[in-house]
Amino acid sequence: MARGWSRGFEKGNVVFQMHALANAANEAGQQDFIDYCGLEIRHIRVLRLIDDQPGITFGEIVKAAGLERSNASRMIQQLTRDGYIERRNSSEDARRFELYTLELGKEARRKGDILSERGLKVLFDPLDDAQTRAFIETLNTLARWVDSNAFEEAATRILPDSAKG
């Protein structure tokens with residue numbers, strides 16, 4: 001893992017801080033995921049989405065995982081080619097395909113869940129139980145807010161009309 005990423009961390013914008021922290025935590029565990037699961041963390045994330053929502057579509061994965069379409073497409077192609085998932089045409093719309101986890105994918109996801117649990121214990125080690133619960137609840141509250149119509153409406157009003165080109 002690259003050291004020194006946290007220099008100046010406390011002076012940064014909180015959104016950047018969350019992004020940097022998540023990247024550093026993921027980078028620290030990346031090789032373990034590759035060695036134990038045979039997949040990168042981001043592939044396990046996609047597998048989780050598919051396994052939790054059988055029949056999920058490509059577009060739904062792009063939105064839920066916050067991936068660029070080209071990256072999501074490459075990951076889905078790899079997971080399909082390597083036997084982790086399968087694509088099926090929708091019974092309702094032949095132009096649409098749905099994704100389903102195969103046994104190999106379920107096993108990789110199970111292993112990924114084990115590593116994720118262990119990684120979270122390491123990540124939250126300096127926090128006591130109350131701090132960990134408060135942090136997780138705060139994240140959940142922010143996620144609900146950012147996923148709301150009210151946030152979307154408020155976010156469009158950040159720049160005053162007088163400053164718009």
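Asp128 is found in the loop that joins helix 5 to helix 6 (129–146); helices here are DSSP runs of H or I with at least four residues, strands are runs of E with at least two, and both are numbered from the N terminus. Asp128 counts as partly exposed because its relative accessibility is 42%; buried means under 20% relative accessible area, exposed over 50%, and partly exposed in between, with a 1.4 Å probe and protein chains only. Between Asp128 and Ile34 there are 94 residues of separation in sequence and 30 Å in space, C-alpha to C-alpha.

The model is predicted, so local features need pLDDT of at least 70 and side-chain atom pairs count only at pLDDT 80 or more, while totals for chains, interfaces and linings use all residues. Residues are numbered from 1 along each chain as its sequence is written, and side-chain values use heavy atoms, with hydrogens and water left out.

I turn now to helix 2. How do helix 2 and helix 5 cross? The axes of helix 2 (residues 41–52) and helix 5 (residues 103–123) come within 9 Å and cross at roughly 115°. Axes are lines fitted to C-alpha atoms, for helices over the stretch in contact, and angles run from 0 to 180 degrees between N-to-C directions. On the helix 2 side, Ile44, Leu47, Arg48, Asp51 and Asp52 take part, and they meet residues of helix 5 including Gly105, Lys106 and Ala108; contact means heavy atoms within 4.5 Å. The residues of this contact comprise three nonpolar, three polar and six charged. Ala, Val, Leu, Ile, Met, Phe, Trp, Tyr, Cys and Pro count as nonpolar, Asp, Glu, Lys and Arg as charged, and the others, Gly among them, as polar.

Helix 2 also packs with helix 1 (residues 14–37), at an angle of about 70° and with the axes 8 Å apart. Helix 1 is therefore roughly perpendicular to helix 2, a term that covers 65 to 115 degrees. Asn26, Gly29, Gln30, Phe33 and Cys37 of helix 1 make this contact with Ile41, Ile44 and Arg45 of helix 2. Its residues are four nonpolar, three polar and one charged.

Finally, helix 3. Which residues of helix 3 (residues 58–65) are buried? They are Phe58, Ile61 and Val62. Viewed down the axis of helix 3, these buried residues fall within an arc of 100°, so they line one face of the helix; the arc is that of the directions from the helix axis to the C-beta atoms. Lys63 and Ala64, on the other side of helix 3, are exposed. The partners of the buried residues are helix 2, strand 1 (56–57), helix 4 (69–81) and strand 3 (97–101).

Note on methods: Angles under 35 degrees count as roughly parallel, over 145 as roughly antiparallel, 65 to 115 as roughly perpendicular and the rest as oblique.
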